[in-house]
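Visitor: Could you take me through one part of this model up close? I would like to follow it slowly.

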Amino acid sequence: MSVEIPKAYEPGQVEEKWFSQWINAKAFHANPSTANEHYSIVIPPPNVTGVLTLGHVLNNTIQDILARRARAEGKEVLWLPGTDHAGIATQSKVEKHLRDSEGQGRRDIGRDSFLERSWEWKEKHGGIIIKQLKKLGCSCDWERERFTMDDDYSKQVQNCFVHFFNSGKIYRGKRMVNWCPSSLTALSDEEVIMKPQQSKLYYMRYEIADREGEFLEIATTRPETLMGDSAVAVNPNDDRYSELIGKKAVRPFPRAEIPIIADEHIDPEFGTGVLKVTPAHDKADFEIGIKNDLEIIDVLNPDGTLNALAGEEFEGIDRFEAREIVSEKLDEMGLLIRVEEYENNVGYSERADVPIEPRISMQWFLNYPKVSESMAAVSDREIKFRPERWAKTYAHWMENIQDWCISRQLWWGHRIPVWYRKDRAEELKSAPSLDKETCGDDLHVSLEPPSDDENWIQDDDVLDTWFSSWLWPFATMDEKTRQKFYPTTDLVTGPDIIFFWVARMIMAGYEFTGQRPFANVFFTSIIRDKKGRKMSKSLGNSPDPLDLIAKYGADALRFSIMRIAPSGTDVRFIENKKKDSDDGTDCPQVEEGRNFANKLWNAARFRQMQGGPEGLCQLPDINNLSIYDIDILSKLDTLTEEINTSYSAYKFQEIANKLYDFFWSEFCDWYLESIKQYFRDDADPDRRETALIVVDTVFSRFLQQLHPYMPHITEELGEKLGFAENGELLMRVCLSEEPVMQVLDSHLVEQAKERTNAIHEATTRARHLKAQYNLAANRNVKFYLHPSVEWAKEELETLKILSGAGEIFVSETYEPSAGTPTFLTPIGKMYMPLEGLVDIEAEKKRITKEIDKAEKDLKQIRGKLSNPKFTERAPAEVVQENLDRKDEFKKKLDQLHEMLQNLS
RNA sequence: GCGCGGGUAGCUCAGCGGUAGAGCAACUGGUUUACACCCAGUUGGUCGGCGGUUCGAUCCCGUCCCCGCGCACCA
């Protein structure tokens with residue numbers, strides 16, 4: 001036993017020590033060869049060069065809880081960790097670094113050299129987040145860590161491409177895509193977010209050809225695309241313009257006559273009811289353009305500046321600057337009518353946070369596989385979503401699913417395994433569509449480059465990062481692992497990537513393995529700041545979890561975050577600036593976890609100070625247990641049962657609350673306080689030993705239950721208190737299915753619980769009264785009891801200790817002097833004689849207040865009972881309950897009135 | 001516009017047909033043989049508004065108002 005334990009728990013070293021012990025013992029390792037039932041979970045791979053956020057803390061704590069709980073249930077557990085190469089995010093970081101340090105762009109140094117730098121960057125900064133997860137205590141099988149650009153993983157990604165190309169699901173085509181002028185790449189629809197903008201609506205006029213002085217008024221938010229107009233469109237049923245259909249309008253610059261056409265798509269109510277059609281720069285216009293065979297004039301460069309087609313004066317000018325210039329120019333020409341303030345939604349690139357540009361370009365697309373099967377899997381609950389409502393979001397997306405643009409004009413990522421025969425490369429690359437049928441031998445699509453690769457040119461593009469991570473649940477596993485652990489059991493992730501990742505994994509799972517990739521998906525809360533804003537890097541409103549761990553401990557952070565994160569709604573994380581210091585902050589929610597750890601620590605200290613039996617001993621027979629022993633043991637069984645239920649419903653917050661309340665309130669505040677008397681030198685040694693055995697039983701079982709939430713401190717205390725048999729790790733101890741209280745006579749248990757409750761209630765009332773007379777700390781106060789139950793005498797010593805009384809006298813005949821404060825308890829009427837200290841008026845006030853409350857309650861109950869509809873229709877037990885309560889209150893009121901009278 | 005979630009004590013959240021809860025904050029008192037990261041006690045609530053169902057509604061239904069999110073989108 002250790003010499004001296006510090007008064008306050010210091011998590012730092014303890015947490016590090018246990019993590020390395022777990023690693024040394026290979027306690028996280030998943031063995032595919034055991035016969036145990038499998039439990040598996042794959043980590044949502046974080047960005048390899050990213051850093052930990054509070055969202056990760058929540059997400060990974062939940063996974064760790066599930067994994068540790070499954071181990072304690074005797075399952076063979078695989079929690080497979082790894083990271084994602086995160087195409088755009090990582091590439092932009094490397095590019096930024098390159099610019100900052102060498103003043104060069106990626107094209108200056110070339111593809112190979114840039115990729116070298118990227119790998120260097122990955123080696124240097126990658127893995128920080130993995131270290132952070134380890135700090136949190138995550139019990140992943142670290143030997144199985146994977147990266148989406150590992151050789152074997154990359155092969156599977158490319159194989160996936162080849163597979164879909166061969167089956168005709170992947171094709172190349174010229175389409176309108178979301179173009180990011182900052183990252184210079186196409187994006188999928190999911191990567192575009194709509195943002196409301198304070199824009200302007202420009203009203204301008206185009207002259208009608210051959211009708212000098214006659215104009216068509218047009219409203220637009222994007223005058224800078226005017227140079228790409230190839231028609232003007234009106235609704236065919238719009239009488240105002242019908243006679244103009246088929247005529248021409250004059251585009252002011254570059255000056256040209258463009259047709260006035262009719263299209264159903266135009267809303268006569270909007271603006272002037274006339275639309276300028278710019279097929280190259282708007283999705284809807286593109287459709288109209290195709291339908292009407294219009295010229296497609298692309299006036300923008302990839303980076304969002306205007307090109308030569310826009311006219312010499314605009315070449316090289318940024319799109320937003322050009323907007324101003326065009327507006328001024330129209331004004332000078334007398335063609336600008338007015339400009340209105342206008343709020344509209346504009347698509348932004350999620351990553352780069354710049355407005356995206358609809359742009360026609362040649363891209364690779366995937367027609368999603370196994371859509372109906374994947375929809376059915378969720379609607380039939382073969383894959384269970386929790387909370388269930390996300391299934392609706394999923395279904396809605398799946399119903400409206402669009403082909404996926406999978407090519408990215410980046411260098412960091414999986415390069416598309418397509419080679420074009422050199423002499424036809426240009427032709428093929430610009431062909432309006434490419435697929436297996438049309439290209440024959442001039443296209444090489446394969447895992448391996450062509451043998452005569454000098455005659456071929458590989459496609460420049462890489463694949464969308466999600467095109468690799470959708471294979472994650474199985475591509476991370478070798479054959480043997482897959483046999484044992486696939487399909488996985490649970491997936492824990494944020495609802496914000498339900499389309500990006502979850503839906504796609506389901507489709508890939510069915511396509512490549514013929515099975516669901518996971519049985520359950522648990523969607524976490526989203527952590528927001530004090531003001532309800534999502535935590536984000538740009539806002540700088542996310543505290544660094546490592547700072548929190550350093551300050552409060554990983555266990556404290558884990559526990560706290562689980563206690564505030566409800567299932568299914570967002571949660572606010574509070575960080576307050578410290579009043580008395582300038583730099584520090586306080587996180588009251590995390591303090592709660594720290595305080596709880598400290599409570600555990602001190603309860604253990606208290607236990608250790610008592611000495612006594614070493615290791616875990618057999619509980620004595622129920623007849624040798626006190627009512628408090630029986631009560632706490634029975635509550636322990638209830639806790640165990642309730643926690644089982646909560647786990648099966650994934651109610652993590654509920655579990656945390658139950659653990660907290662049981663330990664702090666039931667175990668420390670009530671049980672430990674009531675047995676302290678047996679630890680005195682003059683106490684009965686048998687009682688003492690019994691109490692210690694009960695403490696150990698409860699404590700050790702409790703630590704097992706708490707372990708998934710607070711793994712480090714539970715190991716530490718398990719060891720300190722000698723609960724670990726032969727030095728076995730707590731995390732390897734299986735939960736016992738047997739309740740602690742194995743009794744035939746449940747009557748005894750019920751009786752103990754009732755009596756314990758009665759003593760607790762009497763204690764509370766005695767404390768109230770003491771506090772009322774400012775005697776809370778006075779330990780010499782004497783009480784008299786007129787007992788109403790026979791057994792009361794046996795428990796007076798405990799009542800005395802709990803209520804902090806000096807002495808409690810039992811007397812059937814005690815006659816209180818007038819004005820003696822009196823109170824009612826379940827074990828009888830009690831008096832607190834004060835000899836001269838009595839404040840009669842205060843006492844009257846107190847009793848009157850109690851009478852008021854009792855009368856109010858009684859009135860309510862009487863009201864209910866006097867309603868025949870209630871007595872007729874309410875369930876008998878509810879009626880009986882109210883009848884009982886009525887009697888209680890009546891009796892109580894009588895006694896209170898009597899007490900009041902005694903005062904006067 | 002469509003869909004989803006939320007509005008309970010000053011704050012963060014439980015409860016979801018039958019006597020309104022916890023932690024923090026505030027206030028009062030406390031070095032009682034673990035813990036001031038503590039102990040005891042107190043204060044604080046027309047459970048967003050209005051209707052309905054029910055013997056009974058914070059809880060179920062309808063409707064409206066606020067907040068958040070997703071999808072769609074008219075230039």
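At what angle do helix α2 and helix α19 pack, and how far apart are their axes?

Guide: Happy to. This is a predicted model, in which local features need pLDDT of at least 70, side-chain atom pairs count only at pLDDT 80 or more, and totals for chains, interfaces and linings use all residues. Residues are numbered from 1 along each chain as its sequence is written, chains are lettered from A and ligands numbered from 1 in the order in which they are written, and side-chain values use heavy atoms, with hydrogens and water left out.

Helices here are DSSP runs of H or I, at least four residues, numbered from the N terminus. Helix α2 covers residues 54–72 and helix α19 residues 554–564; the two pack at about 95°, and their axes are 10 Å apart. Those axes are lines fitted to C-alpha atoms over the stretch in contact, and angles run from 0 to 180 degrees between N-to-C directions. That makes α2 roughly perpendicular to α19, a term for angles of 65 to 115 degrees.

Now for the side of each helix that takes part. From α2 come L54, V57, L58, T61, I62, D64, I65 and R68, while α19 brings L557, R558, I561 and M562; contact means heavy atoms within 4.5 Å. By class, these residues are eight nonpolar, one polar and three charged. Ala, Val, Leu, Ile, Met, Phe, Trp, Tyr, Cys and Pro count as nonpolar, Asp, Glu, Lys and Arg as charged, and the others, Gly among them, as polar.

Elsewhere, helix α20 (residues 588–609) gives the most to the surface near RNA strand B, with 11 residues; near means a heavy atom within 4 Å. That surface has 24 nonpolar, 13 polar and 22 charged residues.

Conventions:
Angles under 35 degrees count as roughly parallel, over 145 as roughly antiparallel, 65 to 115 as roughly perpendicular and the rest as oblique.
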